[in-house]
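Here is a short briefing to read alongside the sequence and the coordinates. Please keep the viewer open as you go.

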Amino acid sequence: ADSPPMRGADPAIVLVPGVGMFSFGVVALRPLTLGDLFNGAFGYIRQNPKATLGLALLVTALFNVVSAIGMGGYLSDYGTVMQETLEDPYGPTASDPMPFELWSVITAYAGAFIAYIGQILLTGLLAAVIGLSVLGRTLSIREALEAVRGRMAAVFGVAGLLLLLGVLWTGLMIGVVLAAVALGLAVAPVAGVLAGLLGVPVLIVLVVWVYVRTSLAMPVAVLERSGPATALARSWRLTQRSWWRAFGILVLAQLLVTIVSYLLAMPFSLVAGVLSFVAADAAWMPVAVTAAAFVGTVLAGTLSTPFVVGVTTLLYIDLRMRREGLDLKLQAATQSGEHVDSRVYVPDDTAAAGASAGPGQGGYPQGGYGQGGYPPPGGPAYGPQPGPGQGGPPQDGYGYGAPGASA
């Protein structure tokens, strides 16, 4: 408690009851429960609204303009089609296989791709924000941009590899369906149906399994300063033997966000649909429909994306706390009184390799806390910890050291 407060941090130091560890940021520096993960994901938004909601609003609005225009055109065409169909159910519109304007379809798909790019950018920025929020730091938008300088290429590289995986899964799904159809035609319809009923669920299970194993690659790329392939491999290792826990947390977070996003966007979608139907011939209708679609999309994205990124990044930090003693490293760093940035998350072996280039050129030397290391407040328990099987303190079933084994 006598340690000087870290610059840029809340000077309050909170002792977590029954654990004996300190909390400087949005979560206690110890292995996290489900409640800790969700509270932390909400907490960093409340603590730092400018760099979370502000960034989310800015990026979501900027990268969803084209998508909103395409959606507005689509809804406008849909309203015209519905009106003409009601007036003449057997007219030319009813038999037209493509009753929508080509420009609205192209704009909608192009806008979805641009929105995906914005989502990648926002994910990288927010991963840095929450990583530093755990250390008690509050960032401005400019500082958040500075924190990910040089890391966005790796973030987009990870997104590109995940996109390639998605293309692979789509190809495999098409292949399974075509193989089932061919089998049914060549052998027997029952054989084709059975092949489809077996092959499609197996492929879906495989897709979900790989998704969870690679879900932490984004925070790894930002906080550990890793390349795309290294980040995917690192995520794969961190989720080993923790797949079910990671799966449950990610599904619960995504389910919650989906419900909230739907409730937020639904009123604007209803307004757009009603306007496109009752005022199909009005000159102002396309503008009103586009505006309604845009506001709904931006509102849902602004409030949902920071939470999902927060849960994912905190899950990454939690797994490192449980397996690598990251909580002890963060405690020592935050209590040192030194200015700490996201490089504190770089694993010690990586940081030690980078330190050979000299101070400030590659991270931290072995121990992870700047040249020579931070002084270990609180005794040796805050220093570098031996790995599994190397004489480290005994662990209890929850991931903490046994009583008396560590601080």
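The notes below go through the structure topic by topic.

This is a predicted model.

**Helices α11 and α12**

- The residues in the contact of α11 with α12 divide into 25 nonpolar, six polar and three charged.

**Annotated transmembrane regions**

- An unreviewed UniProt entry carries the annotation "transmembrane region" for residues 12–32, 53–75, 106–132, 153–186, 192–212, 243–264 and 284–317.
- For residues 53–75, the chain is 96% helix and 0% strand, with 28 Å between the end C-alpha atoms.
- Residues 153–186 are 100% helix and 0% strand, and here the end C-alpha atoms lie 49 Å apart.

**Salt bridges**

- The structure holds eight salt bridges, and three of them are described next.
- Glutamate 146 pairs with arginine 149 in a salt bridge whose closest N and O atoms are 3.1 Å apart.
- In that pair, glutamate 146 counts as partly exposed because its relative accessibility is 43%, while arginine 149 counts as exposed at 58%.
- Arginine 320 forms a salt bridge with glutamate 224, with the closest N and O atoms 3.4 Å apart.
- Arginine 320 sits in helix α12 and glutamate 224 in the loop between α9 (217–223) and α10 (228–238), so this pair ties together parts that are 96 residues apart in sequence.
- Are arginine 320 and glutamate 224 buried or exposed? Both arginine 320 and glutamate 224 are buried, and for arginine 320 the relative accessibility is 2%.
- Glutamate 324 also forms a salt bridge with arginine 320, the closest N and O atoms being 2.8 Å apart.
- Glutamate 324 and arginine 320 are four residues apart in helix α12, so about one helical turn separates them.
- Glutamate 324 is partly exposed, with a relative accessible area of 34%.
- Shared partners join the salt bridges of Glu224, Arg234, Arg320 and Glu324 into one network.

- How many residues of helix α13 (residues 326–335) are buried? In α13, 10 of its 10 residues are buried, and the helix is mostly covered.
- The buried residues of α13 include Leu326, Leu328 and Leu330, and also Asp327, Lys329 and Gln331.

- Proline 31 is in the loop between β2 (22–23) and α1 (34–47).
- With a relative accessible area of 0%, proline 31 is buried.
- From C-alpha to C-alpha, proline 31 and isoleucine 317 are 8.6 Å apart in space, although 286 residues apart in sequence.
- Alanine 154 has its place in helix α7, residues 152–186, and counts as buried at 8% relative accessibility.
- Alanine 154 and valine 220 are 66 residues apart in sequence, with 9.9 Å between their C-alpha atoms.

**Positive phi angles**

- Most residues other than glycine have a negative phi.
- Arginine 225 is not a glycine, yet has a positive phi of about 55°.
- Arginine 225 lies in the loop between α9 and α10, and counts as partly exposed at 33% relative accessibility.
- Arginine 241 has a phi near 65°, again a positive value in a residue other than glycine.
- What is the place of arginine 241? Arginine 241 is found in the loop between α10 and α11, where this arginine is exposed, with a relative accessible area of 72%.

Key
Residues numbered from 1 in each chain as written. Predicted model: local features only at pLDDT ≥ 70, side-chain atom pairs only at ≥ 80, totals over all residues. Heavy atoms only, no water. Nonpolar A, V, L, I, M, F, W, Y, C, P; charged D, E, K, R; others polar. UniProt positions renumbered as here; feature names shortened; annotations may be inferred. Helix = DSSP H or I, 4+ residues; strand = E, 2+ residues; numbered from the N terminus. Salt bridge = Lys/Arg side-chain N within 4 Å of Asp/Glu carboxyl O. Buried < 20%, exposed > 50% of the residue type's maximum accessible area, 1.4 Å probe, protein only.
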